[in-house]
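My notebook is open, and I'm going to look this one up piece by piece. I'll jot down each thing as I find it.

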Amino acid sequence: MEAQNLSFGLSSTLPTSPIQNQKNPFFQILLKPSSSSNNLTLKGVLLKPHVSFSPKSFPSKEFFQCRNCLQRIEREAITVPDSGVSKELRKKKLAVFVSGGGSNFRSIYEATLEGTVHGEVAVLVTNKNDCGGAKYAREQGIPVILFPKAKNSSEGLSEEDLVGSLRSYNIDFILLAGYLKLIPTELVQAFPRSIFNIHPSLLPSFGGKGYYGIKVHKAVIASGARYSGPTIHYVDEHYDTGRILAQGVVPVLANDTAETLAARVLQEEHKLYVEVAAALCEERIVWREDGVPLIRSKEDPNHYK
């Protein structure tokens, strides 16, 4: 099979054996069998075969032989399901907004380091310069921006300056992670369909101005609702009214307090936000004809959620 444009990753821990042959040089890679012969996702040095790429099956291993020569390239690749090749995608630049401890921010940041999210947190924005999320960002060497500008203070950026600053970081997506200020119209218009928020209830229920933090969970329990969970939605000029992108569901137990329910929902938030961030960075968001956004499954491109 000709593979002039095929690229793949090679882990430094994989056994490799270059065979010296001046007339017909090639490179052997021994791998454990994968669950799908169409998908090969490895991490590490990226190699690009120039002439041919031929897989051969063995009883307990898969043998890949790349003839002629290999060229090291400085790009990263992620698997496109069922395509048989890897599509090279640029790492997306993320800006995360926080007002408190930033546990969702930490989950997303750690996922970028692990490679679960094909992106990087380029900057953190906060309205509280000394909050836990801002302190953690500084510890990791992530720039911190104060917004909005505090009253009677020279610190902080204006709406116009914030837009300019985010553009200077080449931001692709803005992720609100416990940010309690209303996003200004200028920012929404500057980053259309690129700003997301996570809310600790199943919207459209228990959302809107005044519904945040523990207040949400108290309202859920008082209503008698049997289920709750986080919602990730696109951000518009109002509180919690943008298009819903993803939701996670947790049960409301008979003996729940607002605190125990909040803890259960928060665990689901960490998982859901990482999944959505991964989908954004891998360009797996599609729009239905009626304007509803869906996430295409990474494992099955014919399945949406």
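**Entry: the cores**

I started with the largest nonpolar core, which has 35 residues. Phe-105, Val-117, Leu-175, Phe-196 and Tyr-273 have the most contacts inside this core. For the record, a nonpolar core is a set of buried Ala, Val, Leu, Ile, Met, Phe, Trp, Tyr and Cys residues joined through side-chain atoms within 4.5 Å. Buried means under 20% relative accessible area, exposed means over 50%, and partly exposed is in between (1.4 Å probe, protein chains only). Helix α6 (residues 258-281) gives this core its largest share, nine residues. I also noted a second, separate core of 20 residues, which includes Val-123, Leu-187, Val-188 and Val-235.

Next I looked up who touches Tyr-273, where contact means heavy atoms within 4.5 Å. Leaving out residues up to four places away in sequence, Tyr-273 touches Asn-104, Ile-108, Leu-175, Leu-176, Ala-177, Phe-196, Asn-197, Ile-198 and Ile-232.

**Entry: ground rules**

I have to remember that this is a predicted model, where local features need pLDDT of at least 70 and side-chain atom pairs count only at pLDDT 80 or more, while totals for chains, interfaces and linings use all residues. Residues are numbered from 1 along each chain as its sequence is written, and side-chain values use heavy atoms, with hydrogens and water left out.

**Entry: the whole chain**

I looked up the overall make-up and got six helices and 20 strands in the protein chain. Both come from DSSP runs numbered from the N terminus: helices are H or I with at least four residues, strands are E with at least two. Of the 305 residues, 43% are buried. I also checked contacts between residues at least 6 apart in sequence, and 62% of those join residues at least 24 apart.

**Entry: aromatic rings**

How many aromatic pairs does the whole structure hold? The search finds seven. Rings of Phe, Tyr and Trp (its six-membered ring) pair if their centres lie within 6.5 Å; planes under 30 degrees apart count as stacked, over 60 as edge-to-face and the rest as tilted.

One of the pairs is Phe-97 with Tyr-179, edge-to-face at 5.2 Å centre to centre and 85° between the planes. Phe-97 sits in strand β10 and Tyr-179 in the loop between β13 and α4 (185-190), so this pair ties together parts that are 82 residues apart in sequence. Both Phe-97 and Tyr-179 are buried.

Then I looked at Tyr-109 and Tyr-136, whose ring centres are 6.1 Å apart with planes at 85°, so this pair is edge-to-face. Tyr-109 is in helix α1 (residues 103-114) and Tyr-136 is in helix α2 (residues 132-139), 27 residues apart. Tyr-109 counts as buried at 11% relative accessibility, and Tyr-136 counts as buried at 11%.

I also wrote down one aromatic cluster, formed by Phe-173, Phe-196, Tyr-234 and Trp-287. Arg-193 lies over the face of Trp-287, at 3.6 Å from the ring centre. The rule for a charge over a ring is NZ of Lys or CZ of Arg within 6 Å of the ring centre and within 35 degrees of the ring normal.

**Entry: Thr-126**

I picked Thr-126 in strand β11 (residues 119-126). Is Thr-126 buried or exposed? Thr-126 is buried, with a relative accessible area of 0%. Its side chain reaches the backbone nitrogen of Lys-128 at 3.0 Å. Not counting residues up to four places away in sequence, its contacts include Val-98, Cys-131, Phe-147 and Tyr-179.

**Entry: salt bridges**

The whole structure has six salt bridges, each a side-chain nitrogen of Lys or Arg within 4 Å of a carboxyl oxygen of Asp or Glu.

Arg-90 and Asp-172 meet in one of them (3.0 Å, N to O). Arg-90 is in the loop between β9 (86-88) and β10 (92-98), and Asp-172 is in the loop between α3 (159-168) and β13 (173-176), 82 residues apart. Asp-172 counts as buried at 19% relative accessibility.

Asp-256 and Arg-264 form another (2.8 Å, N to O). Asp-256 is buried at 11%, whereas Arg-264 is partly exposed at 21%.

Asp-290 is partly exposed at 43%, and Arg-288 is partly exposed at 43%. Elsewhere on my list, salt bridges that share partners join Glu-282, Arg-284 and Lys-298 into one network.

How values were computed
Polar contact = N/O pair within 3.5 Å; in protein donor to acceptor, adjacent residues only side chain to side chain.
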